[in-house]
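I opened my notebook to look up a few things in this structure. Here are my entries, in the order I wrote them.

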Amino acid sequence: MSFRARHGLPDLGVGVGARVRHYPAIFDEAPDAPVSKIDWFEIISDNFLFPGGPPQKNLERLRALRPLVPHGVSLSIGASHALDEGYLRGLKGLVTRLRPPWASDHLCWSGVPGSNLHDLLPLPYTREALTHVVERVRQVQDFLEVPFALENVSSYMTYRASTMPEWEFLAEVAERADCGILLDCNNVFVSSYNHGFDPNAYIDAIPAGRVVQIHLAGYTDKGSYLLDTHSAPVVDAVWELYRRAIRRIGPTSTLIEWDDDLPAFDVLAAEAERARRIREEVTS
């Protein structure tokens, strides 16, 4: 039985990231408001770890509207130092309050003791790193007591020490740690361009039964490389990867990410509608 089936993880439909600037549109109660076409919201876990204050009030309003899924950026699952117990306690408090179907973070490292680089840095894809990450994912999932998923990151560097491709590393981590995968199609495309691999091979190698969620976003073309900025519409090549992923995996909770140069909410809602049409077209 697949990871999704064992945990009864639902297909939530198509959602968007809930960002403060969009709150007026998200809380618009008009029947024909753009938000009426949004099935669920993803929140950045790190913004809601502390009790009290306006963030928690807004969180409760969001929770009353749609299903919420927390997505973190600071777990640093691949770092060599110990997991941050304070951060984990805060995350446990959040998932206990929300009772989401799953929680997620990134397959990366983001700092060393005393210095957070605030970036999602790739790992060396080695047997040693794999064993290290598997153990830490088990720790996190057992502590949170909620299904946990790892997202593939976009990257701009590789390691000479790597002995396997990223997709093989991610698939084996998920199998050995018994966790889910958040498949970011834009990150696959950005990294494939930057490193010269076939993005279709990546999509085809991911264990379908472990994918609990898909991310779609836009990037910035920097000339010699692509930069994952979440600041533009999803490009056609990424839509094609999404189509391929849905064909393999089946209907899967899908999220449009847009974090910089935020457009009006109806632009975001239109991207979500395009994702919905592709899902329906592929699975009909």
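This is a predicted model: local features need pLDDT of at least 70, side-chain atom pairs count only at pLDDT 80 or more; totals for chains, interfaces and linings use all residues.

Entry 1: Is R243 buried or exposed? Its relative accessibility is 16%, and buried means under 20%, so R243 counts as buried. E281 forms a salt bridge with R243, and their closest N and O atoms are 2.5 Å apart. I noted that this pair links distant parts of the chain: E281 sits in helix α10 (residues 265-283) and R243 in helix α9, 38 residues apart. R243 also meets the side chain of E240 in a salt bridge, at 3.4 Å from N to O. Here both residues belong to helix α9 (residues 236-249), three residues apart, or about one turn of the helix. E240 has 45% relative accessibility, so I put E240 down as partly exposed.

**Entry 2: R6 and D178.** I found 16 salt bridges in the structure. One of them joins the side chains of D178 and R6, at 2.7 Å from N to O. I noted D178 as partly exposed because its relative accessibility is 27%. R6, at 41%, counts as partly exposed too.

**Entry 3: the core.** I turned to the nonpolar residues next. The largest nonpolar core has 79 residues, and F169, L183 and L216 touch the most other members. What does L216 touch, leaving out residues up to four places away in sequence? My list for L216 includes C185, V234, V238, W239, Y242 and A275. There is also a second, separate core of nine residues, with L12, W40, V69 and L255 among them.

Entry 4: I followed strand β5 (residues 109-112) into strand β6 (residues 115-121); the two run antiparallel and are joined by three bridges. Which residue of β6 is the bridge partner of G111? I found N116. Two residues lie between the strands of this hairpin, and G114 in the turn has a positive phi of about 85°.

**Entry 5: G86.** My last stop was G86, which lies in helix α4 (residues 85-98). G86 is partly exposed, because its relative accessibility is 38%. From G86 to P100 I noted 14 residues in sequence and 20 Å in space, C-alpha to C-alpha.

How values were computed:
Residues are numbered from 1 along each chain as its sequence is written. Side-chain values use heavy atoms; hydrogens and water are left out. Two strands pair if DSSP finds at least two bridges between them. Helices (H or I, at least four residues) and strands (E, at least two) are DSSP runs, numbered from the N terminus. Buried means under 20% relative accessible area, exposed over 50%, partly exposed in between (1.4 Å probe, protein chains only). A nonpolar core is a set of buried Ala, Val, Leu, Ile, Met, Phe, Trp, Tyr and Cys residues joined through side-chain atoms within 4.5 Å. Contact means heavy atoms within 4.5 Å. A salt bridge is a side-chain nitrogen of Lys or Arg within 4 Å of a carboxyl oxygen of Asp or Glu.
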